Amino acid sequence: MIRAAGLEKRYGSRRVLRGIDFELPRDGFLLVTGSNGSGKTTLLRVIAGLAAPTRGKVQVDVHRGRVGFLAHEPLVYRALTALENLDLFGRLYRVPERRERIGMLLERFGLWEVRSERVEDYSRGMSQRLALCRALLHDPELLILDEPYASLDEHGAGLLDRELDELAGARTLVVSTHDPARIELLATQRLVLA
């Protein structure tokens, strides 16, 4: 599914990634760890096709429309409600039975009761849960999550644990985190960036 060979990324004279090599098969789970500034976010952006490598290659064998991506920012519209946000993204991705899928995700991530409130009134953790709903809405083959536990309380983190447990082995996952112990049993591979 994903192959990286001699992957390097520079921003000007600053080298962020150097000599990254890995192969992740379909339905594999790559856990990416490393200290702040080690290049985790950059690597995930390159895999998602949002940044080009400076040198080397990365090959991702999945259509871009089948990739789910969660960035540091939730990437949802604050002036819209949760329902309006997910309906908009559902239309963009042409999600079949969109309303049922939206309802199921909002219920699953504990947002059903606040579905008609504007996102600007959400806490950061609620926004993160909505962003997870957005990333999962179109049932992606490849799910790339950059620090998905950020801002989640213990209940929200438990909901994400359950979701990752269900997806592991059924979807291809690339997850970066500062808390690897939480999901390392699910991972089929681990990449530590220095």
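Reader: Is the crossing of H2 and H4 left-handed or right-handed?

Author: The crossing of H2 and H4 is right-handed; the term applies if the near helix is turned clockwise from the far one by less than a right angle, and left-handed if anticlockwise. This is a predicted model, where local features need pLDDT of at least 70, side-chain atom pairs count only at pLDDT 80 or more, and totals for chains, interfaces and linings use all residues. Residues are numbered from 1 along each chain as its sequence is written, and side-chain values use heavy atoms, leaving out hydrogens and water.

Reader: What makes H2 roughly parallel to H4?

Author: Helix H2 (residues 82-92) and helix H4 (residues 124-136) pack at an angle of about 20°, with axes 10 Å apart. Angles under 35 degrees count as roughly parallel, so H2 is roughly parallel to H4.

Reader: Which residues of H2 and H4 make the contact?

Author: With contact meaning heavy atoms within 4.5 Å, H2 contributes Ala82, Asn85, Leu86 and Phe89, and H4 contributes Leu130, Cys133 and Arg134. By class, that contact has 5 nonpolar, 1 polar and 1 charged residues.

Reader: Why is one side of E2 and of E4 left without a neighbour in the sheet?

Author: The open sheet has 3 strands in the order E2-E1-E4, with antiparallel pairing. Strands E2 (14-24) and E4 (55-60) stand at its edges, each with a single partner strand, so one side of each has no neighbour in the sheet.

Reader: How do you know that E1 and E4 pair?

Author: Two strands pair if DSSP finds at least two bridges between them. Strand E1 (residues 2-11) and E4 have 5 bridges, in the antiparallel sense.

How values were computed. Axes are lines fitted to C-alpha atoms, for helices over the stretch in contact, and angles run from 0 to 180 degrees between N-to-C directions. Helices (H or I, at least four residues) and strands (E, at least two) are DSSP runs, numbered from the N terminus. Angles under 35 degrees count as roughly parallel, over 145 as roughly antiparallel, 65 to 115 as roughly perpendicular and the rest as oblique. Ala, Val, Leu, Ile, Met, Phe, Trp, Tyr, Cys and Pro count as nonpolar, Asp, Glu, Lys and Arg as charged, and the others, Gly among them, as polar.
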